[in-house]
Number of protein chains: 2
Amino acid sequence: MPKAVPQSSYAPGRVRREQIISAAFTAFGAVGYRQTSMSKIAEDCGVSRAGLLHHFPTKEALLQAVLDERDRLAYEKIFADAPGPQADGLDHFERLVRLSAYNASTPGLVSLYAVLSAEATDHAHPAHPYFSRRYDGSRLDLGAAVDNLRSRGLLRSPDIRSTDTAIDVIALMDGLQIQWLISPGVVDMPARLRERLESVLAEPLAPGEDPR
Amino acid sequence: MPKAVPQSSYAPGRVRREQIISAAFTAFGAVGYRQTSMSKIAEDCGVSRAGLLHHFPTKEALLQAVLDERDRLAYEKIFADAPGPQADGLDHFERLVRLSAYNASTPGLVSLYAVLSAEATDHAHPAHPYFSRRYDGSRLDLGAAVDNLRSRGLLRSPDIRSTDTAIDVIALMDGLQIQWLISPGVVDMPARLRERLESVLAEPLAPGEDPR
């Protein structure tokens, strides 16, 4: 986009684009990526099929935009001012609990993620590379957080391994989402995550604020 | 089925039924329940649509048969001779590790379960009641196992709570499956589960045999 052009001249297109992403968000979360047709999304947000294809030439492009939007929302809500896991592991742990509490306020988002990540276990799924990179990144971040805590003497035991802890914590977060979506009253996601994170710490985490 | 009739007279129908379940198993696991059509399953196992509907009048009936088949396989392989979690919690823990090792030898099954359980988080999905009951049952079993261990003085700490441990262990198993399917070389499912179960025990579990 040329810098000299005022943003407002793009506003109608941007609003329409956001409407489409929002409709796709809802549809993918409700019935999954594969089950959702471009025609259905066009219908849901009141644009023609040609209008939809102008913004997103393929369903894969729209899926990528939805995943980017999900990450942008979480980043803005939780991670925007973070020092980073390698600089402050304790801060990273606290933000993960806040992320979990935020997720508990957005079941549609959580459902979208659960269905897409399960679909994307098929290595031929268009979102497979995204989820593969995403899990690699999450494991690296959590591993770096544990390394930072180790270097500061904040771990409960020197036997705690960074990568295994990362794998376990991510698995717990993913699995809690499924049980919580199926039986919302039974599972307190942020409380379960907090207890797991505190199990590797010498001292409890600070009590969390509510990010909603 | 009248007892006097020899089983063999039913064999052709039974074989056909098993072929259909096997084809549905593969299709549901690869692309999910919603994305699979009855016509595709009929085609995959070389029966007419009428032939398929003779055995399974609805896709929901076929889904239930697939879920029952999955449970039957796991039961036969792992739980057939079990004393039960409330009678021997240690035995239940050991069998869960064996189940995880068995799952690691059947990625198609694990994929089926991951996709269906995520789809079924939608409370209108035909498999929602099944998964809801299944998670309730798994939590009760694991909670009973922890209670049994507590009564025998085999827990590492009296602070370990039964239901929370059950929720966490099931979540870990579910989440490990997603990471393992996406990055098979990175995650050792039975090893991660064993370590988690041992974290609540005063003594390590017996080294496992390979159930495959």
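The model is predicted, so local features need pLDDT of at least 70 and side-chain atom pairs count only at pLDDT 80 or more, while totals for chains, interfaces and linings use all residues. Side-chain values use heavy atoms, with hydrogens and water left out, residues are numbered from 1 along each chain as its sequence is written, and chains are lettered from A and ligands numbered from 1 in the order in which they are written.

**Chain A**

- Chain A has nine helices and zero strands, where helices (H or I, at least four residues) and strands (E, at least two) are DSSP runs numbered from the N terminus.
- The C-alpha trace of chain A spans about 60 × 45 × 35 Å along its principal axes.

**Interface between chains A and B**

- In chain A, 40 residues are in contact with 40 residues of chain B, contact meaning heavy atoms within 4.5 Å.
- The two chains bury about 3,300 Å² between them, with 57% of it on carbon and sulfur atoms; buried area is the accessible area (1.4 Å probe) that two parts lose on being put together, summed over both.
- Between chain A and chain B there are 12 residue pairs in polar contact, both residues at pLDDT 80 or more; a polar contact is a pair of N or O atoms within 3.5 Å, where within protein one must be able to donate a hydrogen and the other to accept it, and residues adjacent in sequence count only if both atoms are side-chain atoms.
- On the side of chain A that touches chain B, two or more residues come from each of α1 (11-31), α6 (107-119), α7 (128-151), α8 (162-182) and α9 (189-198) of chain A, and the largest share, 13 residues, comes from α8(A).
- That side of chain A has 19 nonpolar, 10 polar and 11 charged residues, with Ala, Val, Leu, Ile, Met, Phe, Trp, Tyr, Cys and Pro counted as nonpolar, Asp, Glu, Lys and Arg as charged, and the others, Gly among them, as polar.

**Salt bridges**

- Over all chains the structure holds 30 salt bridges, each a side-chain nitrogen of Lys or Arg within 4 Å of a carboxyl oxygen of Asp or Glu.
- Six salt bridges are counted between chain A and chain B, and R161(A) forms one with E195(B), in which the closest N and O atoms are 2.4 Å apart.
- D71(A) and R134(A) meet through their side chains in a salt bridge of 2.6 Å, N to O.
- Because D71(A) lies in helix α4 (residues 59-79) of chain A and R134(A) in helix α7 of chain A, this pair ties together parts that are 63 residues apart in sequence.

**Pocket and cavities**

- On a 1 Å grid over the protein atoms alone, a cavity is a set of points where a 1.4 Å probe fits but cannot get out, a pocket is an open set with protein on both sides within 12 Å along at least five of seven lines, and lining residues have an atom within 4 Å of a point.
- The largest pocket has a volume of about 1,000 Å³, a volume being the space filled by probe spheres set on the points, which are joined across faces, edges and corners.
- This pocket is lined by 30 residues, of which R196(A), S199(A), R156(B), R196(B) and S199(B) lie nearest its centre, and the lining divides into five nonpolar, six polar and 19 charged residues.
- The largest cavity has a volume of about 130 Å³, and D174(A), I178(A), A114(B), D174(B) and I178(B) are the closest to its centre of the 17 residues that line it.
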